[in-house]
Structures are given as C-alpha cells and as structure tokens.
Amino acid sequence: MSERRPHLLVLSGWAGVLETALALGFEVSFIGGTDEFSDRDREVLARCHFVEEMPADRTAAVLAAARRIHTELPLHAAVSFGEFGTESSAVVADALGIRGLSLRTAALTHYKDLMRAALADRPELALAWARVANTEELRAFAGRHGVPLIVKPVSGSGSVGVRQILTEAELAEAVADSAFWREGPYLAEEFVSGDVVYSVETITVDGEHHIAGVSCGVLCPHPNPAITEIAVPPPPPYDAPLPEIHRTVLAFLDAVGHDWGLTHTEVKVAADGRPVIIESQPRIGGMRIFRMIEHATGVDEVATILRSLLPGAAPVTPPHLPPYTAAGLCLSLVPPSRRVRRTADPELLRGIEGVDDFEISVRPGQVPHPVVDNAAGRPGLIWLRVPDHTAVERVKKEISRTYWVEYEDGDVWYPSF
C-alpha cells in the first residue's frame with residue numbers, strides 16, 4: 001500500500017497555489033471564495049480533496065469546516081498566502097496541532113496596536129503611537145506629538161481608512177468628521193514623510209529569515225495613500241538605504257517572534273535616514289510583487305515555503321538576498337473620471353517589447369473610478385519585465401504612444417509616467 005500523501009489545507013487565494021501544492025505531492029483541500037475563478041481554475045479546484053466555499057476571514061466557520069475535514073482525512077498543515085486567510089490559518093493550525101503560521105505572528109501583524117506595543121522596548125524599531133477611539137484621544141495624541149501624524153484602522157486592508165494629517169487645519173477637519181469615527185477605534189502614529197515606500201519580501205524557515213527581494217513604490221500626492229508605481233529592485237538612487245532596510249526588517253521579524261512563513265513588510269525611510277516599519281503581513285506582496293520578485297531573482301516564494309512543509313524532505317534553505325538578473329515594474333493607469341467614448345485596443349500593448357502582462361478595465365460608456373487606496377482596483381495595471389532599469393523609460397514611452405482614452409467631450413488622455 002502506497003504511503004499517504006501529506007494533506008494541506010489552503011485558505012483563500014488563487015488556483016496557482018493549489019496547482020503548485022498538487023505538483024509538489026500534497027493532497028489539497030481548499031476553503032475560500034471562488035467567485036473569480038475561471039473555468040481552468042475550477043478544473044484545478046476539482047482535483048482538491050475537499051472544497052468549502054466561504055470567505056476565509058470568517059474564522060469560527062473556517063475552524064469548524066477545518067475540523068470536519070481533519071476528522072475525515074487528517075491535515076498536515078494549513079496555509080494562506082492572501083491577506084484575508086492568514087489569521088484563520090493560524091487559528092486552524094494552533095487548534096488542530098498542525099504546521100502553519102504561529103498565532104503570535106498572526107496577531108501582531110494583523111492588529112497594528114499589538115505590533116506597536118510589541119516593539120515599544122526596541123528603540124530602533126519603535127514609533128510614537130496611541131490607540132484612539134474618539135476626537136478627544138486624537139487631540140491628546142496630537143498635543144503630545146504634534147502634526148504631521150497618520151490615523152489608520154487597527155486592523156485594515158491595504159490603505160483603506162488611512163488618513164494623513166499634515167497640518168493643524170487637517171487635524172481640525174478630522175476631529176469634526178463624525179462619520180470618520182464610526183469605524184473606530186484607530187491607531188494614531190507619528191507620520192513618516194516621503195513619497196517612496198519599500199516592500200521587503202521574506203521567507204522564514206525554522207526561525208531563519210531570508211530576504212527574497214525588495215521593491216519600492218511611489219505614493220500618490222497627499223492626501224491619497226495609494227501606490228502608483230512599483231519597481232523591483234529599487235533603482236538608483238532609491239537603492240542606497242537597502243542595507244539598513246534589510247537589517248531593520250530582520251530585526252523586526254525577530255522581535256515579533258516570526259518562525260515560519262512568508263512576510264510582506266512595508267518600510268519608509270525617515271528624515272534622519274532611519275528605516276521605519278510601517279506594517280507587515282504574513283503573506284505575499286500584492287499587485288504581483290511576488291511574481292516580479294520571481295522574474296528578477298528566480299525565487300518562487302510560494303513553492304519554497306510549501307516545500308518546507310513536506311514531511312521527510314531535505315531541509316529547505318531559501319536563498320538570502322539573491323542577485324537580481326532582471327527588473328520588473330508595475331505601472332498604474334489612472335485616467336480621469338469622465339465618461340469614455342472609446343479607447344485604444346489594449347491588446348496592442350502585447351506588441352511592446354518589455355510588456356509582460358496587463359489588466360485594463362476601461363470600457364466605452366464607463367466612467368473610470370478614482371483610486372483612493374491600495375485596496376481599490378486600478379482602472380489599469382501594466383507589468384514590465386526588462387533586463388534592467390535603463391530599459392524602463394523606453395517601454396514607458398512606447399506605452400504612452402500606444403494606449404489612449406478618448407472622452408465624450410473629445411479630449412484624449414495618454415498615460416504619463
């Protein structure tokens with residue numbers, strides 16, 4: 001009789017994770033939403049042992065379903081590579097006594113006030129902060145630390161609900177905004193200025209951290225916290241602080257007790273040159289950062305961490321700071337929010353050397369929605385894969401000449417980067 005394959009529970013995510021796990025030899029079960037799965041994705045889903053269609057962030061329901069699955073076919077591990085399943089995956093792993101993300105890591109990264117409290121005795125990682133539930137507490141924090149400051153949900157997604165307060169007038173506006181406080185409480189933090197945010201992607205196995213790659217994103221002008229462009233690796237001069245950023249992220253992962261799994265950690269560099277941890281999540285980077293890392297370094301984060309779960313296999317030692325052999329870029333297309341008459345055929349972009357892929361939703365008759373945070377879908381995203389950053393400007397110019405949007409008033413918009 002053949003040896004039973006290890007049974008892996010995947011919470012949330014996309015069919016590519018399931019396909020990778022199946023190819024590695026896991027028996028796979030899935031709990032998550034499937035509304036956006038294609039016909040091909042559903043063919044992969046059909047190869048899974050159990051499938052439970054429900055939102056993966058409904059932790060109690062997920063745990064109940066996982067217990068049923070575990071009773072019928074014992075689970076070896078539980079994983080989630082998307083933001084909305086990480087907390088549930090840690091709860092399932094802990095409750096069933098199987099491998100997976102630690103509860104401590106899940107809690108400290110999901111709840112931002114717990115993370116700040118855990119870093120309070122680490123001066124090199126600490127940031128002024130307070131949990132604020134009303135206008136009086138926000139005023140008190142501003143009185144102690146002044147402006148600028150930033151207010152964000154204690155547990156949030158992307159940059160939803162994040163409010164930058166750079167002046168006393170903006171503070172007065174926030175205090176007077178009764179609607180804002182309906183979603184509280186919030187975390188008030190010292191604001192780290194700058195229009196660049198770094199994302200550090202790591203793989204941790206048996207408590208050893210390995211940096212798979214780093215990207216840098218350009219932020220929209222104040223007060224919009226959304227990212228407009230992401231580059232892997234950071235081009236000059238943005239690569240100058242990377243050694244210190246590396247050290248800071250590794251120290252942070254030790255401080256929160258992270259011992260296994262992927263992390264996506266956002267960092268800004270303060271005016272004094274000190275890297276500051278903005279937030280961290282035990283998941284892959286969004287907007288296909290993990291794919292750009294793979295193209296640029298050859299490191300497949302998902303496959304690497306899944307291999308570390310295979311019982312009886314040779315120890316997995318991921319590469320740390322692998323050399324970049326290519327460059328990647330993610331460009332946002334954000335045309336004005338007016339009614340569209342017609343557009344260039346997006347398929348023309350495939351003919352541009354260096355364009356790897358794109359997703360463009362702008363259609364005649366529509367009004368493209370404004371982008372106000374990182375959780376909102378962009379009207380258009382274009383991914384570049386080029387030998388190095390010197391080729392980027394050429395590709396950007398070709399895109400600007402190739403794609404356009406014409407509005408009902410006759411104006412024509414061309415992207416500029």
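1. In this predicted model, the largest nonpolar core holds 45 residues, and the members that touch the most others are L349, V355, L384, I399 and Y403.

2. Several elements each give this core at least two residues: among the strands, these are strand 9 (196–205), strand 10 (208–219), strand 14 (327–333), strand 16 (355–360), strand 17 (380–386) and strand 18 (405–407). Helix 9 supplies the largest share, seven residues.

3. Leaving aside residues up to four places away in sequence, V355 touches L349, I382, W383, L384, V395 and I399. Three of these contacts, L349, L384 and I399, are listed with V355 among the residues touching the most other core members.

4. Turning to helix packing, helix 3 (residues 59–72) packs with helix 4 (residues 86–96) at an angle of about 45°, and their axes are 9 Å apart. An angle between 35 and 65 degrees counts as oblique, so helix 3 and helix 4 are oblique to each other. Their crossing is right-handed.

5. On the helix 3 side, the contact is formed by T59, V62, L63, A66, R67 and H70. Helix 4 contributes E87, S88, V91, V92, A95 and L96. Sorted by class, the contact of helix 3 with helix 4 comprises seven nonpolar, three polar and two charged residues.

Key: Residues numbered from 1 in each chain as written. Predicted model: local features only at pLDDT ≥ 70, side-chain atom pairs only at ≥ 80, totals over all residues. Heavy atoms only, no water. Axes fitted to C-alpha atoms, helices over the stretch in contact; angles between N-to-C directions. Helix = DSSP H or I, 4+ residues; strand = E, 2+ residues; numbered from the N terminus. Parallel < 35°, antiparallel > 145°, perpendicular 65-115°, else oblique. Left-handed = near helix turned anticlockwise from the far one by under 90°. Contact = heavy atoms within 4.5 Å. Nonpolar A, V, L, I, M, F, W, Y, C, P; charged D, E, K, R; others polar. Core = buried A, V, L, I, M, F, W, Y, C linked by side-chain atoms within 4.5 Å. Buried < 20%, exposed > 50% of the residue type's maximum accessible area, 1.4 Å probe, protein only.
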